[in-house]
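Hi everyone, thanks for making time this morning. Please have a look at the chain on the screen, and then I'll walk you through some of its contacts.

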Amino acid sequence: MRGFALLKKLLSAFAQRWTALARLWPALAFCTLLTTAFPARADDIEVADARLATTEDGVVLAADFAFDLNPRLAEVVANGVPLYFVVDFELTRPRWYWFDDKAAAKRLQLRLSYHALSRHYRLSTGILQQNYATLEEALNVVRRVRNWQVVERGVALADANYEAAVRMRVDLTLLPRPFQLSAMTSREMNLESPWRRFIFRPPAAVPAPPESREPKEADGR
């Protein structure tokens, strides 16, 4: 009898838990449907491609970024507030016996603004600037970084594997203070990518041909 009572109690507890699970099932199914229909938001900017090449002047970077401005950021630009896109680059040589050797660290800043009087978008970097008729035309330039010199000619690189890293972000610290406060509470104001890392090995330097020690022929004249 005691065993039967224990079995009855276990069955009753199981039935109660099953009933509770059955009540939660519609909610779980609804959440699953939402997850499928609206997947989790990925990083706003994707580093689609990044590669390094050596030239006579050093090492240059070419990178492609995939992103779109959400309506909130597009509205900010249209209202005359500039956005500052920043591309960060690092080149590091790992060393197991000591701290990693950071060969280069560069930063490229692109200023995107809208001028209501002329009704065009302006993209500036340093002293260079270019005007565009539409926002999409300006963004297409931001998305494609070409021939950016990240290692100067005089920097000597070892014949070893280096880890290159690149990312893009909107520098919120350069926005006016009210927009900075808004960015702290609004996900729409944040726009950045994760670091894209890849291996780069500098080409081995071609040694100069050894000088001949044989005596030169005398001039017959």
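**A walk through the contacts**

Let me begin with W98, which is exposed, with a relative accessible area of 57%. By that word I mean over 50% relative accessible area, while buried means under 20% and partly exposed lies in between, with a 1.4 Å probe and protein chains only.

A word on what you are looking at: this is a predicted model, where local features need pLDDT of at least 70, side-chain atom pairs count only at pLDDT 80 or more, and totals for chains, interfaces and linings use all residues. Residues are numbered from 1 along each chain as its sequence is written, and side-chain values use heavy atoms, with hydrogens and water left out.

Now the overall layout. The protein has four helices and nine strands. These come from DSSP runs, numbered from the N terminus: helices are H or I with at least four residues, strands are E with at least two. Along the sequence the pattern reads α-β-β-α-β-β-β-β-α-β-β-α-β. Of the 221 residues in the protein, 31% are buried. Contact here means heavy atoms within 4.5 Å. Counting contacts between residues at least 6 apart in sequence, 65% join residues at least 24 apart.

Next, the aromatic residues. How many aromatic pairs does the structure hold? There are five aromatic pairs. The rule covers rings of Phe, Tyr and Trp (its six-membered ring) with centres within 6.5 Å; planes under 30 degrees apart are stacked, over 60 edge-to-face, and the rest tilted. The rings of F67 and F85 have centres 5.6 Å apart and planes at 35 degrees, so this pair is tilted. It links distant parts of the chain, 18 residues apart: F67 sits in the loop between β2 (58-66) and α2 (71-78), and F85 in strand β3 (residues 83-93). F67 counts as buried at 5% relative accessibility, and F85 counts as buried at 0%.

Back to W98, then. Its ring and that of F99 have their centres 5.2 Å apart with planes at 70 degrees, so that pair is edge-to-face. F99 counts as exposed at 62% relative accessibility.

R143 lies over the face of F67, at 5.2 Å from the ring centre. For that label, NZ of Lys or CZ of Arg must be within 6 Å of the ring centre and within 35 degrees of the ring normal. R143 is itself buried, with a relative accessible area of 9%.

That brings us to the charged pairs. A search of the whole structure finds 13 salt bridges, each being a side-chain nitrogen of Lys or Arg within 4 Å of a carboxyl oxygen of Asp or Glu. One of them joins R143 to E136, with the closest N and O atoms 3.0 Å apart. E136 counts as partly exposed at 39% relative accessibility. Another salt bridge pairs R201 with D159 (3.4 Å, N to O). R201 lies in the segment after β9 (196-200) and D159 in the loop between β7 and β8 (162-170), so the pair ties together parts that are 42 residues apart in sequence. R201 is partly exposed, at 43% relative accessibility. Salt bridges that share partners also join D68, E136 and R143 into one network.

K102 and E90 meet through their side chains in a salt bridge too (3.8 Å, N to O). Here K102 is in strand β4 (residues 101-115) and E90 in strand β3, twelve residues apart. Both are partly exposed: K102 at 49% relative accessibility, and E90 with a relative accessible area of 25%.

Let's turn to a sheet. Three strands form an open sheet in the order β1-β2-β7, with antiparallel pairing. Which strands stand at the edges? They are β1 (46-55) and β7 (144-152), each with a single partner strand, so one side of each is left without a neighbour in the sheet. Strands pair if DSSP finds at least two bridges between them, and six bridges join β2 to β7. Within this arrangement, L61 stands opposite W148 in β7.

Last stop: L172, in the loop between β8 and α4 (177-185). Leaving aside residues up to four places away in sequence, L172 touches Q180, A183, M189 and N190. L172 and N190 are 18 residues apart in sequence and 7.6 Å apart in space, C-alpha to C-alpha.
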